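Please consult the sequence and the structure shown below while reading.

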Amino acid sequence: MEPRVVKPPGQDFIVERLKSRYGLGGSCSGQSETAAQQNFAEELQKRERFLIEREQLLFRHENALSKIKGVEEEVLTRFQILKEQHDAEVEHLTEILKKRNKDSKRLRSSFDALKELNDNLKKQLNEVSEENRKMELQAKRVQARLDNLQRKYEFMSVQRLKENSHAPHEMKSVKQEKVPVSKTSKVPLNGQVYELLTVFMDWISEHHLSKVKHEESGMDGEKPLLKSASQQNDIQEKCVKLLPVMTEQLQWMPFVNAKFHEPFVKFIYWSLRQLDGGTQHSTMTSTLRRLGEDIFKGVVIKGIQDNSLEHSVENKPKTAAFFKNSNLPLRFLSTLIVLKTVTQADYLAQAFDSLCLDLKTDEGKMLFLEYQAVPVILGHLRISSKGLLSNVIDSLLQMTVESKSLQPFLEACSNTLFFRTCSVLLRTPKLDLQILEKLSIILQKLSKIKSNKKLFELFTIHLMLQEIQRTTHPEHAFLCINLNSTLFNLGLTKCNSLVSNTSH
């Protein structure tokens, strides 16, 4: 593109314009004309310079535009090449991505299938484990039942043989030589084996089984040597194996000398105490129920006995009484066993009545301490046993009567088990007034032991007693006196010596 040349206007036109502008005419003088021409010449030079500069500027713009046009073409070419490369790369990456997506979907599908299979296997494993656990429990129950039935069958077989042997003994008077054989075979069983076994039972009961609960009952002044968990579990397992056998052996007690009954029942009692806090009760429900019923009702053997055998087993008493025995130690042990094993309310009520009568004697109180009966009683000191609650507290109240057994009893109650049980009982809404009064007597005596203040505070019993004191009507003077005395012993209220002595 050729540059456009701007031609200057004609000289004549310019001269005419200048003349008309400056008023130059023919009549003007020569000087004025000369000045006008000079001005005109200068203006012409200025316009010429302006036009030259503008022309040069146009040339520069034209050159810049031509260069830009060349660069634009080159940029467009480069851009087209890059675009083609980009499209090819995008297409290649798209293909790769599609392959990866296919692989990912394949892996995800495989993972989902494996996960579903794993979940099914876990579910089947849990079902099989649960079924296996149930079958193990059922097998244990069946095995225990089978053992019981086998022992019962053996016992019934022996008894049937004994009954069948009476007729030949009556008819065969000529064959008296059979009597000494029977006599010699049965005397050692009764006179030596049972005596030896009862000595062992006494030894094990007093030196091994009875020491487990000392720390809980607080009956020893010194801290006992605690057994390891494995040793305790081992003892419990042995007791679980022995109790069904001991229960079956109760059926033989009518044939055994009565002096052997107490060690036998004592061994059963301490074996039961070993199960406290253990997990073995679930497999022994039927055994414990039968044990409690046999101890409560006693054992009676029916059938004709052969009086001709003076020293034989058949000549022993046909009945064995435990709970209803006239021997106080045996009766006391039987009562505690009934309380540990029986759930029938009428049996429990009779047991607590018998216990309260026995505790009126000093010997009964000593037996209560010897056999560490506080935890056994506390097992029934709950609001769910409303019908028995009064009897339970009465048995504890019998131990608070002034005697040489009072202080050991209070020490036996100075533990977390007793105070936790009392705390739960005191939280019962609308607790019977008589029960509350009886309980306040025991708590008042326990508050005299300074170390018990921590237990009162630990289970917030002192706060509950303060609330009961605040809400109790003044007409219930006996309860108010006991509460005031208890709080005074705990250092929570001021009380004059007269009121304190009255409650004592």
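In which helix do Arg106 and Asp103 lie, and how many residues apart are they? Both belong to helix α2, with a spacing of three residues, about one turn of the helix. The model under discussion is a predicted one.

## Salt bridges elsewhere

In helix α17, which spans residues 461–471, Glu467 and Arg470 are three residues apart, about one turn of the helix. Their side chains meet in a salt bridge of 2.5 Å, N to O. Glu467 is partly exposed at 38% relative accessibility, whereas Arg470 is exposed, with a relative accessible area of 60%.

A network of salt bridges links Glu248, Arg290 and Asp294.

## Surface patches

Glu84, Asp87, Glu91 and Glu95 form a patch of negative charge on the surface. Of these residues, Asp87 lies in helix α2, which covers residues 30–171. Its relative accessibility of 41% places Asp87 in the partly exposed class.

Leu114, Leu117 and Leu121 make a nonpolar surface patch of about 300 Å². Leu121 is a residue of helix α2 and, at 46% relative accessibility, counts as partly exposed.

Ser286 is located in helix α7, residues 285–297. With a relative accessibility of 41%, Ser286 is partly exposed. Although Ser286 and Arg145 are 141 residues apart in sequence, their C-alpha atoms are 8.9 Å apart in space.

## Cysteines

The structure contains zero disulfides. A disulfide is a covalent bond between the sulfur atoms of two cysteines.

Are Cys239 and Cys356 buried or exposed? Cys239 has a relative accessible area of 3% and is buried. Cys356 has a relative accessibility of 12%, so this residue also counts as buried, the limit for that class being under 20%.

Definitions and conventions: Residues are numbered from 1 along each chain as its sequence is written. This is a predicted model: local features need pLDDT of at least 70, side-chain atom pairs count only at pLDDT 80 or more; totals for chains, interfaces and linings use all residues. Side-chain values use heavy atoms; hydrogens and water are left out. A disulfide is a pair of cysteine sulfur atoms within 2.5 Å. Buried means under 20% relative accessible area, exposed over 50%, partly exposed in between (1.4 Å probe, protein chains only). Patches are made of residues with over 30% relative accessible area and no salt bridge: like charges are joined within 9 Å, nonpolar side chains (Val, Leu, Ile, Met, Phe, Trp, Tyr) within 5 Å. Accessible areas come from the Shrake-Rupley method with a 1.4 Å probe; for residues, only the protein chains shown count as cover. A salt bridge is a side-chain nitrogen of Lys or Arg within 4 Å of a carboxyl oxygen of Asp or Glu. Lys and Arg count as positive and Asp and Glu as negative; His and the chain ends are not counted. The place of a charge is taken as NZ of Lys, CZ of Arg, CG of Asp or CD of Glu. Helices (H or I, at least four residues) and strands (E, at least two) are DSSP runs, numbered from the N terminus.
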